[in-house]
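Me: I have a structure open and want to go through a few parts of it. Can we start with how some of the helices pack?

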Amino acid sequence: MTHPAQPKASHFINGAYVEDTAGTPIPVIYAATGDQIATVHAATPAIVEQALASGKAAQKAWAKMSGTERGRILRRAADIIRARNHELSVLETYDTGKPLQETLVADATSGADALEYFGGLAGSLTGEHIPLGEDWVYTMREALGLCVGIGAWNYPTQIACWKGAPALACGNSMVFKPSEATPLCALKVAEILHEAGLPAGVFNVVQGMGEVGAALVTDPRVDKVSLTGSVPTGKKVYAAAAADMKHVTMELGGKSPMIVFDDADIDNAVGGAINGNFYSSGQVCSNGTRVFVQKGIKEKFLARLAERTGNAVIGDPMDEATSFGPMVNENQMNIVLGYIEKGKAEGARLICGGARCDMPGWYLQPTVFADVTDDMTIAREEIFGPVMSVLDFDSEEEVVARANDTEFGLSAGVFTKDFTRAHRVIGNLEAGSCFINSYNDAPVEAPFGGVKASGVGRENSKEAIKHFSQVKSVYVRMGDVEAAF
Ligand code: NDP
């Protein structure tokens with residue numbers, strides 16, 4: 001019997017599911033069991049061409065609709081997603097392995113938030129009038145054209161919506177390529193957008209590995225590329241886009257600091273560290289994986305952290321009592337195990353976890369290392385798994401310098417009851433998305449993105465509109481033209 005996760009076809013192009021079995025098969029493996037639950041096929045050059053051609057053909061008419069009409073369709077799609085949240089959350093769990101306890105509240109719902117928010121903004125995208133005596137300039141906020149979205153595997157529904165919603169609100173069309181590891185959810189987003197009335201061709205989904213992404217990025221018809229992925233892929237995609245002067249948004253990796261001062265509420269700080277390291281089994285780009293704890297409270301913090309980490313319910317992701325699921329696939333599990341071994345070998349003190357779980361599927365124990373020093377591999381490289389490094393510090397000046405000593409700059413958090421210090425420290429940290437007495441909140445109303453190697457541009461909020469549109473200015477002369485001859 002066909003598994004319920006098996007999509008109708010691999011791609012969604014020009015308003016319909018499309019198949020081309022000549023493309024390389026991509027097995028979809030359920031991370032909790034290791035069983036194959038579906039198969040899709042990578043896009044062939046013919047499929048890539050169909051998707052780009054239909055995106056290009058549909059864009060102008062879409063941009064000519066009023067913003068209110070475009071927004072109504074996006075908001076209708078948000079309503080459909082919310083009405084079908086349970087079914088979509090189950091699919092997200094099949095795609096990623098993340099527990100239903102999370103997917104019910106963080107994935108389809110976050111996608112719906114983006115569609116609702118940008119749907120609401122679509123009707124208010126205006127230019128300005130600039131008086132110049134008798135003459136005047138007016139500006140128009142125009143769509144960029146055909147956009148390409150490329151996703152990572154940790155939030156397949158959310159990433160499709162975070163890119164698709166602002167792009168479409170501004171009058172662009174999009175071809176979206178999910179990660180080959182999680183090909184299912186973006187197809188549902190496309191299907192629902194069309195059910196909500198989206199004209200055919202405005203949002204297309206094609207499957208494939210990196211080479212399909214590269215084919216999309218280098219096509220001269222494409223005006224903008226928005227990537228969520230690792231720093232090495234980001235550098236390649238940015239360079240490829242630069243060849244044609246395409247616009248880019250790069251949401252890349254991180255090794256973010258979370259700083260806990262000795263006056264902090266310990267339970268809140270421990271809660272922040274748990275959210276910022278173990279949610280989605282640690283597969284979150286903005287995670288605060290370097291937890292700097294001031295020396296005076298270090299042992300108290302570690303004891304409480306170990307106690308609460310022991311309460312994680314590891315098991316069947318479809319059981320809503322489960323609070324900690326498997327890694328997305330075997331490969332990622334092995335990468336993270338490699339880092340755990342490096343942590344042990346380089347002398348970090350293992351507080352809890354540190355091994356694979358003795359059960360089917362790609363489960364790792366939530367792992368905490370203490371006495372981590374700045375030069376250790378686990379303190380320098382993005383692990384993208386449930387491995388927390390706890391480092392100690394003495395002074396504010398010292399911790400700020402150490403927190404900033406990294407190529408990354410995605411997120412940063414501070415826990416303290418001294419708000420003057422909190423704002424001063426945040427002001428001195430090199431990061432795009434920051435938190436005070438909290439960690440990893442990502443509401444659609446707030447800009448999201450990194451500085452330094454962690455990215456270019458911002459997703460969500462009104463900032464995303466700037467990255468999916470451009471301004472045309474028009475000088476209007478009311479009198480005669482004066483010329484030298
Ligand atoms: P990758 O960088 O490996 O892949 C990202 C996407 O790019 C995938 O769809 C991939 O295809 C595609 N791709 C790979 N090579 C190319 C290329 N040359 N041209 C165009 N596209 C290409 O990242 P992961 O999927 O492994 O995701 C994990 C990374 O994503 C982490 O580093 C994490 O920090 C980052 N991330 C960042 C977020 C942010 O908002 N800042 C949010 C979530 C994750 P395929 O994999 O199918 O081959």
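**Helix pairs, active site and loops**

Reply: Helix H14 (residues 396-404) and helix H15 (residues 419-428) have axes that come within 10 Å and cross at roughly 35°. This is a predicted model.

Me: Which hand does the crossing of H14 and H15 have, right or left?

Reply: H14 and H15 cross in a right-handed way. On the H14 side the contact is made by Glu396, Val400 and Asn404, and on the H15 side by Arg421, Arg424, Val425 and Asn428.

Me: How many residues of the contact of H14 with H15 are charged, polar or nonpolar?

Reply: That contact has 3 charged, 2 polar and 2 nonpolar residues.

Me: Now H6 and H7. At what angle do the axes cross?

Reply: At roughly 40°, with the axes of helix H6 (residues 156-169) and helix H7 (residues 185-195) coming within 8 Å. H6 and H7 are therefore oblique to each other. H6 passes H7 in a right-handed crossing.

Me: Which residues make the contact?

Reply: From H6, they are Pro156, Thr157, Ala160, Cys161 and Leu168; from H7, Cys185, Ala186, Val189 and Leu193. By class, the contact of H6 with H7 divides into 8 nonpolar residues, 1 polar and no charged.

Me: Different topic. What does UniProt list as a domain?

Reply: The unreviewed UniProt entry lists residues 18-474 under "domain: Aldehyde dehydrogenase". That span is 41% helix and 20% strand, and its end C-alpha atoms lie 42 Å apart.

Me: And which residue does it list for "active site"?

Reply: Glu251, again from the unreviewed UniProt entry. In the model, Glu251 sits in strand S11 (residues 247-251).

Me: Is Glu251 buried or exposed?

Reply: Buried: the relative accessibility of Glu251 is 4%, and the cut-off for buried is under 20%.

Me: What is Glu251 in contact with, leaving aside its neighbours in sequence?

Reply: Once neighbours within four places in sequence are left out, Glu251 contacts Leu227, Thr228 and Gly229, then Phe448, Gly449, Gly450, Ser454, Gly457, Arg458 and Glu459.

Me: What does Val476 touch, then?

Reply: Asp135, Trp136 and Tyr138, not counting residues up to four places away in sequence.

Me: Last topic, backbone angles. What is the phi of Asn440?

Reply: It is positive, about 75°, although Asn440 is not a glycine. Most residues other than glycine have a negative phi.

Me: Where is Asn440 found?

Reply: Asn440 is in the loop between strand S18 (433-436) and strand S19 (455-456). Asn440 is buried, its relative accessible area being 19%, and the cut-off is under 20%.

Me: What about the phi of Asn460?

Reply: Asn460 has a positive phi too, about 65°, and is not a glycine. Asn460 lies in the loop between S19 and helix H16 (461-467).

Me: Is Asn460 buried or exposed?

Reply: Buried, with a relative accessible area of 0%.

Key. Residues numbered from 1 in each chain as written. Predicted model: local features only at pLDDT ≥ 70, side-chain atom pairs only at ≥ 80, totals over all residues. Heavy atoms only, no water. UniProt positions renumbered as here; feature names shortened; annotations may be inferred. Helix = DSSP H or I, 4+ residues; strand = E, 2+ residues; numbered from the N terminus. Axes fitted to C-alpha atoms, helices over the stretch in contact; angles between N-to-C directions. Parallel < 35°, antiparallel > 145°, perpendicular 65-115°, else oblique. Left-handed = near helix turned anticlockwise from the far one by under 90°. Contact = heavy atoms within 4.5 Å. Nonpolar A, V, L, I, M, F, W, Y, C, P; charged D, E, K, R; others polar. Buried < 20%, exposed > 50% of the residue type's maximum accessible area, 1.4 Å probe, protein only.
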